[in-house]
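Me: I would like a close look at one part of this model, followed by an account of how the rest is put together.

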Amino acid sequence: MNFDPIILTLIIATPLAGAILLACIPEREGSKTHAIGALLISLLTLLLTLHLPSHFNYHAAPRTFQFEQNLSWIPSPNIRYHLGVDGLSMWLIVLAAFLAPIGVLASWNAIHTRTKLFYTLFLLQQVAMLGIFAALDLFLYYGFWELSLVPITILIATFGRTENRRRAAIKFFLYAFIPSAILLVAILWLYNLTGTFDLPTLQYLALTHHLAATPTALLLCSIAFLVAFAVKVPVFPLHGWLQDAVAEAPTAAVMVLAGKLGLYSILRFSFGIFPEQSRHVAPVLIALGAIGIVYGSLIALIKTDLKKLAAFSTLAHVSFVILGIFTFTVIGLDGGVFQILNESLIGAALFVLLGLLYERYGTYDMRDYGGLATRHPWMVTMFVITVLAAAGLPMLNGFVGEFLILSGSMQSIATHHILWTVIAATGVIFGASYLLWMIQRVFYGKIGVRPDEVPGWDLTAREHLELWPFAALFLAMGVASPFWMRAIDIYGASTAGKLVEVGHGLYKNTANGEYSFNDQEYSRWCLDHPGHCRVEVRFVVSTPKEAR
Amino acid sequence: MNPQLLWLIPILPFAGFLLNGTIGRKLPRALVATIALLFTAAPAFIVAQLWIFMKSAGAPLALSVMSRPWIAVSGFQVNFAFTVDHLTLVMLGIITGVGFLIHIYSVGYMAHEEGYWRFFAYLNLFMFFMLVLVLASSFLLLFVGWEGVGLASYLLIGFYFTKDSAANAGKKAFIVNRVGDFGFLLAMFLLVAHYGTLDFSTIFEQIAASPLSGGIFTAIALLLVLGATGKSAQIPLYIWLPDAMEGPTPVSALIHAATMVTAGIYMVARCHVLFDHSPAALTVVACIGAATALFAATIGLVQHDIKRVLAYSTVSQLGYMFLACGVGDYSAGIFHLMTHAFFKGLLFLAAGSVIHALSGEQDMRNMGGLRKRIPITFWTMSAGVFAISGIFPFAGFYSKDEILYDTATSGSPLHLLLWFVGLLTAGLTSFYMFRLWFKTFFGAARFEERGPTHDYDLHAGHLAAVHASKSSTLTLEAEPEPSHALAHGIHESPWVMTLPLIILAILSLIGGWVGIPEALGGHNEFDHFLAPVFNAGLDIAANPAHFFMERVDAIVSLLVALTGAFIAWYFYCYKPGTAAALAAKYRRLYSLLDHKYWVDEIYGRFIITPILVISRLILNGLIDGGIVQGTAAGLAASTRSGGWLVRRIQSGNIRSYAGWLAAGAAVVIAIVLFGHHGIPH
């Protein structure tokens with residue numbers, strides 16, 4: 001049986017069914033029923049997602065989607081149930097599914113009350129994330145996008161660590177919600193303009209210069225999209241929510257808080273529908289990315305709260321991605337997408353490790369720690385590996401991403417790109433500084449105040465199970481990056497490059513001198529969609545250069 | 001010879017690292033040591049085979065192997081690929097040979113230490129990364145080794161991590177090296193942007209074909225130099241190396257002799273095509289080298305800690321190698337790198353043996369008269385002292401002399417100045433090394449004898465900390481009260497420690513004979529061996545017309561070295577107290593040297609403190625606390641004052657948020673859908 005057309009639906013439906021199931025099972029004091037249920041569901045989801053890389057067609061034409069399911073949902077307005085993945089989203093889906101079981105394991109003992117609520121919301125969050133990565137209809141996508149806000153907010157507000165949790169949750173929600181409302185308006189304005197929510201259609205219209213609106217209107221619309229996503233990333237200086245939310249959120253929630261959703265959305269929707277406008281604002285975003293790297297690292301350098309330190313470390317790492325993707329070079333984009341995977345994995349591993357410390361010693365204040373290396377030899381090993389991956393040590397994954405991003409930044413044609421590259425590259429110094437400082441404060445020197453009072457134990461079997469997959473992936477992705485990059489590169493190569501006008505208002509998107517937009521394909525598409533091609537275009541047919 | 005064997009050279013030490021790193025804790029010490037030695041000896045054996053092969057008639061000038069890609073995106077690819085040419089061969093010989101001897105020595109030195117398995121795992125890791133560094137056939141793979149040795153040194157310098165000074169020194173080494181790496185990375189970004197590859201042969205072919213010089217080449221070269229100053233401990237980034245002696249002594253030997261610090265010199269030599277296209281960058285390299293050589297030597301004059309003297313001497317000797325590269329004589333730089341590996345490895349290991357004998361004492365003021373007590377250590381260390389001071393016919397004489405001669409004769413007036421600086425440094429080197437020699441092995445014993453303790457380095461660290469606190473107040477050269485020496489306790493090291501010393505001592509004597517210039521009756525085989533790498537196609541045959549000058553230069557530098565030795569003898573043997581009197585007379589100068597020109601303090605006050613203050617007050621306080629968080633608060637405040645409707649959003653009741661969201665969305669949808677008729681267009 002061919003699973004391809006329904007695999008994405010299965011992937012999304014599994015955690016949804018699981019959430020409903022868990023919500024129906026009554027909660028008993030001290031029982032692990034919900035945790036076990038969530039673990040099984042998330043493992044099943046992970047298993048299903050592995051279908052994607054094993055059946056992915058690496059020879060598909062650029063800008064096409066695979067494993068597509070495209071059904072009419074509501075005829076008027078024209079909303080479709082359209083799912084599909086390409087080189088950009090495939091590994092992100094696997095990543096999201098990979099982090100879920102680890103999130104459950106990390107919550108195993110940390111969450112002991114209201115487990116039903118916790119795991120139900122956790123699985124709903126999974127649904128939203130997987131949906132965001134798979135949805136190709138703007139309306140459908142927006143549904144998942146909004147859905148992703150709710151469980152996280154409740155998780156922070158309910159399971160937060162201090163009295164500050166409600167404030168943190170509200171801050172997070174307001175920050176995410178207000179730009180999202182504007183995003184909705186922008187989506188509807190686009191619909192008004194084109195009569196479709198369908199992303200591939202909108203992409204074609206944009207690349208063929210057929211979004212019939214004034215440049216200013218399109219720019220404003222693109223900014224509405226970009227800001228909504230940038231807040232979620234977060235891009236400096238829109239990170240006001242990050243510190244508190246990270247500090248409060250339980251480990252399983254903090255793993256999905258920042259980074260991938262916003263970054264993916266920029267790549268998919270901002271770059272897809274507004275290629276020209278995105279290039280227009282690129283110099284600003286390159287600058288913000290470079291500033292964010294240094295800013296995040298420098299503030300992390302002086303934070304004594306481990307979670308807040310990790311929050312600013314996250315800011316620095318997502319800023320790398322922003323810098324890379326807005327260079328619109330192949331290596332910048334490839335490195336940026338790869339770095340989304342890295343950032344999520346490294347961040348998740350770091351938060352899991354911090355959670356383990358907190359479970360043992362009940363504090364995130366690193367001044368209370370010290371000398372733990374002799375007590376927890378395995379924990380310090382995992383910490384050091386994670387920190388080295390985060391600091392971009394070659395042969396671990398972080399290096400591949402950072403190297404490609406900064407190389408791309410040096411190649412970019414944006415104004416002052418050399419200056420921003422140099423500034424961003426100082427991040428390698430500051431990054432190493434705060435990370436090694438953290439290691440020293442927690443693990444080296446004399447036994448600290450807190451460990452002196454409380455006995456601790458080295459990693460348990462369950463904790464080993466949480467951490468070894470990360471370590472293995474850090475190494476594998478650092479040594480054998482082409483395995484992942486192959487899919488990503490399909491996306492990167494078709495998105496990079498200058499937009500070159502080739503006549504009759506028709507744009508071509510070039511990277512390395514190759515044409516990645518196919519005129520014939522477009523003309524065929526116009527025939528299939530009468531009424532959308534408003535201008536009669538005679539195509540400048542040119543032979544695409546030999547495909548790679 | 002099957003080129004695929006090249007993979008084994010780095011992989012074997014890595015396997016040793018994995019074995020000892022994962023299960024070493026549960027293994028007996030003898031087995032841990034056996035694993036570590038075996039996985040270091042095997043690559044040394046392969047290198048020996050390789051050497052024989054490459055020397056044989058008809059052998060290719062370079063041997064390459066390539067495997068699958070490491071990074072591959074459209075338009076840019078880096079493969080796992082190794083290349084061995086004669087330069088790499090020399091480096092491989094040094095790393096595996098000297099590295100193996102240091103491994104043997106460590107078996108004895110670390111015998112009673114905690115974390116034995118961890119130590120040997122890290123040593124093997126160090127070897128692995130260093131071997132990758134010299135085998136790499138692209139900048140990016142070289143960078144793997146480059147960063148990797150940084151990591152290994154971080155782990156080994158901070159080996160006694162419960163001690164703050166060790167943890168600090170490890171961190172400092174890594175971060176200072178990162179500053180250099182920042183330059184290296186930027187150079188690579190520029191290379192990628194201009195050549196689209198990081199492959200050595202492709203890039204160097206293109207540069208060699210270029211008629212231009214300066215410009216972009218200078219930019220790339222200078223950024224690489226920044227990287228090299230980090231790894232090879234040159235001004236301005238040398239500050240990590242003297243602190244690196246916090247690690248166990250064999251680690252110091254490994255870092256200072258066989259690995260790590262040689263990386264910068266190797267890299268510059270490897271990129272000689274690039275540097276040859278940028279006279280400006282070469283001048284910078286030469287000036288940095290000469291300045292560092294002199295600067296570090298002056299600091300070395302007044303240090304009391306035996307390892308610290310050696311540490312500054314390393315910085316100084318690396319300056320010579322930089323100078324050699326800067327005047328375009330790369331093979332002289334590599335020659336000195338090799339002889340230095342022999343005698344500096346020897347000196348550190350011998351110093352370790354002294355410290356071992358004295359149960360952790362590192363302060364030379366508490367040594368003296370050890371000549372008869374530890375004779376093997378004495379005789380071997382003497383060979384090292386003679387070699388580094390440039391006394392004929394020890395190895396250092398030939399390599400240092402070649403550098404000085406080439407500097408003097410390379411033509412420009414600036415180089416004459418640099419030659420003079422080099423000569424002066426030679427005198428200073430000779431002085432402080434003989435000072436060390438006399439203070440340690442001659443005169444009256446000034447130590448209090450104890451029974452042997454077993455945690456030598458922990459103890460040494462404690463003492464070092466005590467002395468560090470002492471030296472923060474001004475201590476003059478005045479000797480501490482001689483203490484009563486007891487007969488027992490002072491002992492020669494076991495054979496596992498003395499055997500490497502003897503081998504290295506022999507090498508320190510004869511190691512330079514492969515590079516005896518024609519003017520002094522030799523054949524300069526070393527230069528000829530490296531000629532295919534550096535002077536491909538050039539005639540490097542010696543010109544007999546210059547023999548006279550070369551002989552004069554050799555005699556001058558020998559005289560200078562002897563003068564330094566003589567002054568040391570006068571100060572510390574013939575008339576002890578002269579040094580203290582001088583120090584008292586030139587109090588401020590002495591204080592300046594004693595505090596190492598206050599460089600650490602200056603960096604602390606003018607770089608690190610401002611960064612922290614800006615981060616804390618401006619970034620965290622003003623911008624993040626004020627503006628960013630203020631926006632969030634303002635957002636909340638404005639909604640709160642926005643009336644009843646908006647106040648409901650602020651209720652904190654999450655369910656109502658969802659409700660508002662749905663309602664708002666519904667309204668907008670309704671407007672869009674029913675405000676217009678049908679789908680437009």
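In which loop does A:Pro234 lie?

Reply: A:Pro234 lies in the loop between helix 9 (215-232) and helix 10 (242-248) of chain A, where helices (H or I, at least four residues) and strands (E, at least two) are DSSP runs numbered from the N terminus. This is a predicted model, in which local features need pLDDT of at least 70 and side-chain atom pairs count only at pLDDT 80 or more, while totals for chains, interfaces and linings use all residues. Residues are numbered from 1 along each chain as its sequence is written, and chains are lettered from A and ligands numbered from 1 in the order in which they are written.

The peptide bond between A:Val233 and A:Pro234 is cis, with omega about -10°. A cis peptide bond also joins A:Ser76 and A:Pro77, with omega about -5°, and A:Pro77 is placed in the loop between strand 1 and strand 2 of chain A. These strands form a hairpin with four residues between them; strand 1 (residues 66-74) and strand 2 (residues 79-85) of chain A run antiparallel and are joined by six bridges, where pairing requires that DSSP find at least two bridges between two strands. A:Ile74 has A:Ile79 of strand 2 as its bridge partner.

B:Lys596 counts as buried because it has 20 C-beta neighbours inside 10 Å, whereas B:Tyr597 is partly exposed, with 13 other C-beta atoms within 10 Å; a residue is buried if 20 or more other C-beta atoms, placed from the backbone, lie within 10 Å of its own, exposed if 12 or fewer, and partly exposed in between.

Chain B has 27 helices and two strands, and 55% of its 681 residues count as buried. Its helix 2 (residues 29-55) has 27 residues and reaches 39 Å from its first C-alpha to its last, close to the 39 Å expected at 1.5 Å a residue, the expected span being 1.5 Å times one less than the number of residues. Buried residues in helix 2 of chain B include B:Val32, B:Phe39, B:Pro43 and B:Leu50. The buried residues of this helix pack against helix 1 (5-23), strand 2 (76-84), helix 3 (86-109) and helix 4 (116-135) of chain B.

The contact between the chains takes 58 residues from chain B and 72 residues from chain A, two residues being in contact if their C-beta atoms, placed from the backbone, lie within 7 Å. On the side of chain B that touches chain A, helix 6 of chain B gives the largest share, 15 residues.

The largest nonpolar core has 447 residues, and those with the most contacts inside it are A:Ile93, B:Phe126 and B:Met188; such a core is a set of buried Ala, Val, Leu, Ile, Met, Phe, Trp, Tyr and Cys residues joined through C-beta atoms within 7 Å. Leaving aside residues up to four places away in sequence, B:Phe126 touches B:Val149, B:Ala152, B:Leu156, B:Leu254 and B:Thr259.
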